[in-house]
Amino acid sequence: MTIYSCHIAVAVALPVEGSYTYGVPDALAPLATPGKRVLVPFGRRRVTGYVLGETVPSGGYAVKRILDVLDPVPLFPPEMIPFFKWVADYYMHPLGEVIQCALPGGLNVYDRLTVSATPGGLTVFEAGGRDLTPLEREVMTRLKSGPCRLKDLRERRVPAALVQTLEDRGWLVREAVLQGGVARPRMERFAARGDGTPPASLSRARRDILALLESREEMSISDIKAQVPTAPRLVRAMVEQGLVRVYEKQVYRDPFGEPIPPDTPRTLNPEQAGVVAEVDAVTGKGFCPFLLAGVTGSGKTEVYLHLARKVMEKGLPVLVLVPEIALISQMERRFRARFGEAVAVLHSGLSAGERLDQWQRILNREAAVVIGARSAVFAPLDHIGLVIVDEEHDTSYKQGADLLYNARDIAVVRAKLSDAVVILGSATPSVHTCYNVRTGKFRELRIRRRVASRPLPEITVVDLKKVADTRGARRFITPPLHAAMTAALERKEQVLLFLNRRGFASFPVCAACGEALRCVHCDITLTYHRLAGVYRCHYCGYTRKAPCDCPACGPAPIKLLGMGTEKVEAAVKALFPDARVARMDRDTTTRKGSVVRILKSLRKGAVDVLVGTQMVAKGHDFPNITVVGVICADLSLSFPDFRAGERTFQLLAQVAGRAGRGDAPGRMILQTFTPDHFSIVAATRQDYEAFYKVEIGFRRALGYPPVSRIIQLRISGVDPEATRETAEALGSVCRELLQQEAVYRKWVTLLGPVEASIQKIAGRYRWQMLVKGLRIGPLRRFVRAVSSAAPNLFRHPGVRVVIDVDPYFLS
């Protein structure tokens, strides 16, 4: 047995629990430090692992050795390891995949199994050889053109036994080839003045190069070439003379674009100053969570900027989270104007190289402020001083695939592990956060007035039932809204129209038989997109070209019922032909930079009317918007989810807050079929306390979060029978465990299994179960016990079971 001087715990980037012990050869021992990646054998593969620290082998098995250390310096500080372990444990997700999710993409290396034909195999095959089966001939024909992945052969339904047979004959060979590692630092050639003495007879171009290098410490070859076109050729000769030194140096790709002119801190009003003083008093003295509840337009961002300055003066970094990329540009501009090069950004809109560069800037402590969407919660900051979660109520903080974390919640945990202050800011706080305030877990800070004492918008409610018989555009752009828009446009002010549904018609049906056009992969109606000329599914992306026949009765006209932002845009252009109209939804913002372009046009006054989905409701500050129209306030109320009322209140209050942020007063026209619903009444009064009082009463009566906690088990598969059987078998295991263990019966309530409200998405049939209780600990232990009791159900080849701790969407 090999004796190693050092053993390390390694989390491998695979769906396996916990960490594994590996031996470190003496030559690699000084390099294998926590936070670095290592290449390790795992089964028959070589995979990337992450060093967690030294450990002692438990004995009883042969310890494998690491093959290589992949990083010269750690990719994350050791302080983050307890945070990664907490996230893995809480969300019941493999530790190695948690770390992989946190790091920039494109770093890891892995073995890819390839298959290639041997020279002997090709000789026999080309000579005709023995009689081959059609499938053997297909495989050899494919390999004749070059190696391919073993996975490609399996996708062609080539049996593993056939591959083994051909390998035994010596006709093909399997190899493990290291792949990956596509994200790399950008290196650029730089030049500096050498020690050599220039000769008397030196050309003018060479003298110009020396003059440039003597005026500064170093200069990139590309920058020198911009001033001396022949520089690359001349520099090579000057290196031989000792006049110039040339070397490679890492340079950062610029994700920001245009420079931002600096600004100066604004004078805070008494409420803002009071918030800054209260937070500053506890900064650096341990963990302290705050809810900053400030009405829309109250200047929360300026409070963030003042607090960031104070924290940075204490030598501590700041982490700022915003819910969506669309909001990052606005927050980034404000922070860059105040702090310049000290700001880094992290979000999925960056290229792999840009994200790697920003990660390394943070790691090298070249950036004291990190701004980003939910994944920025994993930024490699050491000893954080302040964590800010802006628009903390936003559902975008919940990750929807793979590691199903809530960035708001784990930002609080990260602050706690770092002894930092955390501020959750919102004009419409989540019920969850307000409950934490009421139960004494968080402290509350309030800003009740807008900046410069500007009034909140006047809100007019229009009952859509009274215009139900109206035809055409006036049915959804009612007379009160039309009049308000006309007046605003005459005053050269801007208008925002909000409808949380994209497309032109949301319910196309056959005029002959009444059959709706449905997605073939999802249990959902297609939406008509007039500009693209297609019917599209908003869940899986399936499209049908328009016009098309009815799938039930053949050629027949299709009636375009329902509406979306595209129809509203068309109506506005017809009603106001001279107005400049823009639309901001997922259809118009797919290209990189498109969101910034739309917002810049609005800021410069090049847009008179902006039509959009919830993207326009979140935190944008445009002083010239004075009228906001909500086309239909009831859409979010129809979702089969206990948070429907909360989301409706938040959306309406937030979109109302876009009006009247400048010198002119604002107005909102709120159109609804249910003007008496408590969420809509509270939103029209901008009265969060009234909303919370009613909503928390419903949550208590029904036993839903935040009064209780929930874990959702989502079961999905392409075979409806196999999916149903797996869901029912999982339900039986859960019920048996409840009967056997009294401790679970005390703390756990089981709901389901039942079919999901949308029974099929992207060709997968869906079932779900809810595990509910007052405390999250017993729920997680129960789910772990279920997965241990029936591992075959969680590893079913055709059915996927996903565990979602603290789910946000139950449809």
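**View 1. Residues around the second largest cavity.** Phe498, Asn500, Val630, Cys632, Ala633, Leu635, Ser636, Thr648, Leu651 and Leu652 line the second largest cavity. The model is predicted, so local features need pLDDT of at least 70 and side-chain atom pairs count only at pLDDT 80 or more, while totals for chains, interfaces and linings use all residues. Residues are numbered from 1 along each chain as its sequence is written, and side-chain values use heavy atoms, with hydrogens and water left out. The volume here is about 60 Å³. On a 1 Å grid over the protein atoms alone, a cavity is a set of points where a 1.4 Å probe fits but cannot get out, and lining residues have an atom within 4 Å of a point. Grid points are joined across faces, edges and corners, and a volume is the space filled by probe spheres set on the points. By class, the lining has seven nonpolar, three polar and no charged residues (Ala, Val, Leu, Ile, Met, Phe, Trp, Tyr, Cys and Pro are nonpolar; Asp, Glu, Lys and Arg are charged; the others, Gly among them, are polar). H19 gives the most to this lining, with three residues.

**View 2. The largest cavity.** The structure holds five cavities of 30 Å³ or more, and the largest has a volume of about 240 Å³. Its lining counts 21 residues, and Arg408, His432, Arg643, Pro705 and Tyr808 are the closest to the centre. Helix H14 (407-417), helix H15 (431-438), helix H19 (644-656) and strand S30 (709-717) each bring at least two residues to the lining. Helices (H or I, at least four residues) and strands (E, at least two) are DSSP runs, numbered from the N terminus. H19 gives the most to the lining of the largest cavity as well, with three residues. Sorted by class, the lining of the largest cavity has six nonpolar, seven polar and eight charged residues.

**View 3. The second largest pocket.** Here we turn to a pocket, an open set of grid points with protein on both sides within 12 Å along at least five of seven lines. The second largest pocket has a volume of about 900 Å³. It is lined by 36 residues, with Arg266, Thr301, Gln330, Arg334 and Asp621 nearest its centre. Helix H11 (300-313) and helix H12 (325-339) are the elements that give two or more residues to this lining, and H12 gives the most, with six. The classes split into eleven nonpolar, twelve polar and 13 charged residues.

View 4. In S20 (residues 494-498), five of the five residues are buried, meaning under 20% relative accessible area with a 1.4 Å probe and protein chains only. Gln494, Leu496 and Phe498 lie on one side and Val495 and Leu497 on the other. S20 pairs in the parallel sense with strand S28 (residues 625-630) over five bridges, where two strands pair if DSSP finds at least two bridges between them. Glutamine 494 has isoleucine 625 as its bridge partner in S28. Strand S27 (residues 609-612) also runs parallel to S20, joined by four bridges, and leucine 497 stands opposite valine 611 there.

View 5. Arginine 149 sits in strand S7 (residues 148-149). With a relative accessible area of 27%, this arginine is partly exposed, the range between buried and exposed, the latter being over 50%. Leaving aside residues up to four places away in sequence, arginine 149 touches Arg112, Leu113 and Thr114, a contact being heavy atoms within 4.5 Å. Arginine 174 is 25 residues from arginine 149 in sequence and 9.4 Å from it in space, C-alpha to C-alpha.
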